[in-house]
Amino acid sequence: MDLQDEMPRPGKMFLSIVVPCYNEEEGLREFHRQMVSAARALCGAKFELILVDDGSTDDTWKIINELLAEDRNVVAVRLARNHGHQLALTAGLSNVRGDLVLVIDADLQDPPELLTPMYEMMVREGADVVYGMRRSRAGETRFKKKSAEAFYRLLAKVTRVHIPVDTGDFRLMSRRISDQLVQMPEHDRFIRGMVAWLGYKQVAYEYDRHPRFAGATKYPLVKMIGFAADALISFSMVPLRIATYVGALLTTLLTFVGIVAVVGWLFSGTVPGWTSLTLLVIMISSVQLLVLGLMGEYIGRIYIQSKNRPLFLISHIHRRGRLPHGAEA
Ligand code: UDP
Ligand code: MG
């Protein structure tokens, strides 16, 4: 099926914009203003702005409800607690009613006005996904830029799925991609990788990432490491294979060490080397612990997944206005 034949047209199509928000009280109004003006420019009144409050502890939910009272396009969704960016995003996607879906952060790092050029690219290329590829990242620390750069390149090396480098979740996609994402039941979600895994035609739109409009990043180092681990483990078995290789290498090496020790003992009667023995024990046991920990990472994820809990719980959904033509609730 070629999307080009049935590409939603401005004026006819309905657009859903999904925005995960966690403690974004300072910037949310400005985001709403800019996003609504960008959406109006492309589709008039035919859009919904789904603001997902991911269990914020500040006034985010209050502001979302004020925006809902002022603007019929707003859909207010609140999760029962903080589930994290990727699950908040999934919760938003599970409530879309449009033909096209834009995913964007609430902090104005991804410029809302790129909606129209991204849409034009989608039509021109007949693509299902137009993803934002960061040409530059203003306002982020050198460490974040360098670590992100290294991470995306490492990920590209260890996985067979073609996950584009320097790409976040800022993207415009067709409804079928969005629906398929929601149907994927994995708990440890690396959505940008999952979209890549789906296939179809996906094209990059290069842009410059702005600094945050207000507030601080919600991804401190620990969360970033966890997110990187989720990505690597969800999309690659290479770490497990490395464990096998290290095991094989050590076995070969230690066989030689053993032979030397036995030959030494045969000829001289004693085996000197308390130090080397201690070093060997330390080396082997630390490699074993590392490999065990690595296996634990995979097994822990299997355990969590096997419990089959829902991905997220929604405590409130508020919307005004009628459903778009042909869309189900
Ligand atoms: N976010 C969320 N839940 C969280 C953490 C973040 O919904 O637990 C939202 C946040 O409000 C923002 C987006 O996810 O809209 C990206 O987060 P952030 O800007 O802090 O990440 P960064 O751009 O620094 O990587
Ligand atoms: Mg951000």
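Predicted model: local features only at pLDDT ≥ 70, side-chain atom pairs only at ≥ 80, totals over all residues.
**Overall form**
- If you follow the C-alpha trace along its principal axes, the protein chain spans about 90 × 45 × 40 Å.
- Out of 329 residues in the protein chain, 31% count as buried.
- Among contacts with a separation of 6 or more, 86% come from residues 24 or more positions apart.

**The sheet**
- Strands of a sheet pair through backbone hydrogen bonds, and they can do this in a parallel or an antiparallel way.
- Here, 8 strands make an open sheet with mixed pairing, and their order is 7-5-6-4-1-2-3-8.
- At the edges you will find strand 7 (202–209) and strand 8 (314–319), each of which pairs on one side only.
- On average, neighbouring strands of this sheet are turned by 20 degrees against each other, if direction is ignored.

**A look at strand 6**
- Strand 6 is mostly covered, since 6 of its 8 residues are buried.
- Strand 5 (residues 129–137) runs antiparallel to strand 6 (residues 167–174), and 4 bridges join the two.
- Besides the pair from the opening question, M133 stands opposite T167 in strand 6.
- Strand 4 also pairs with strand 6 in the antiparallel sense, again over 4 bridges.

**Helices to look for**
- Helix 4 (residues 115–125) lies across strand 4 (100–103), strand 5, strand 6 and strand 7, and it runs at about 160 degrees to strand 7.
- Helix 6 (residues 175–183) packs on the sheet as well, where it touches strand 4, strand 5 and strand 6.
- The direction of helix 6 makes about 120 degrees with that of strand 6.
- Why is helix 3 largely enclosed by the rest of the structure? The reason is that 9 of the 9 residues of helix 3 are buried.
- Those buried residues of helix 3 include H85, Q86, T90 and G92.

**R192, a buried arginine**
- You can find R192 in helix 7 (residues 191–198).
- R192 has 21 other C-beta atoms within 10 Å, and 20 or more are needed to count as buried, so R192 is buried.
- Leaving out residues up to four places away in sequence, R192 touches I163, T167, G168 and D169.
- R192 and Y131 are 61 residues apart along the chain, yet their C-alpha atoms are separated by 9.0 Å.

**Around ligand 1**
- Which residues come nearest to ligand 1? Of the 16 residues around ligand 1, they are P20, Y22, D54, T217 and K218.
- Strand 1 (15–21) and helix 3 (85–93) each supply at least two residues of the shell around ligand 1.
- Sorted by class, that shell has 6 nonpolar, 5 polar and 5 charged residues.

Methods. Residues numbered from 1 in each chain as written. Chains lettered and ligands numbered in written order. Pairing = 2+ DSSP bridges. Axes fitted to C-alpha atoms, helices over the stretch in contact; angles between N-to-C directions. Contact = placed C-beta atoms within 7 Å. Near = placed C-beta within 6 Å. Nonpolar A, V, L, I, M, F, W, Y, C, P; charged D, E, K, R; others polar. Buried ≥ 20, exposed ≤ 12 C-beta atoms within 10 Å, placed from the backbone.
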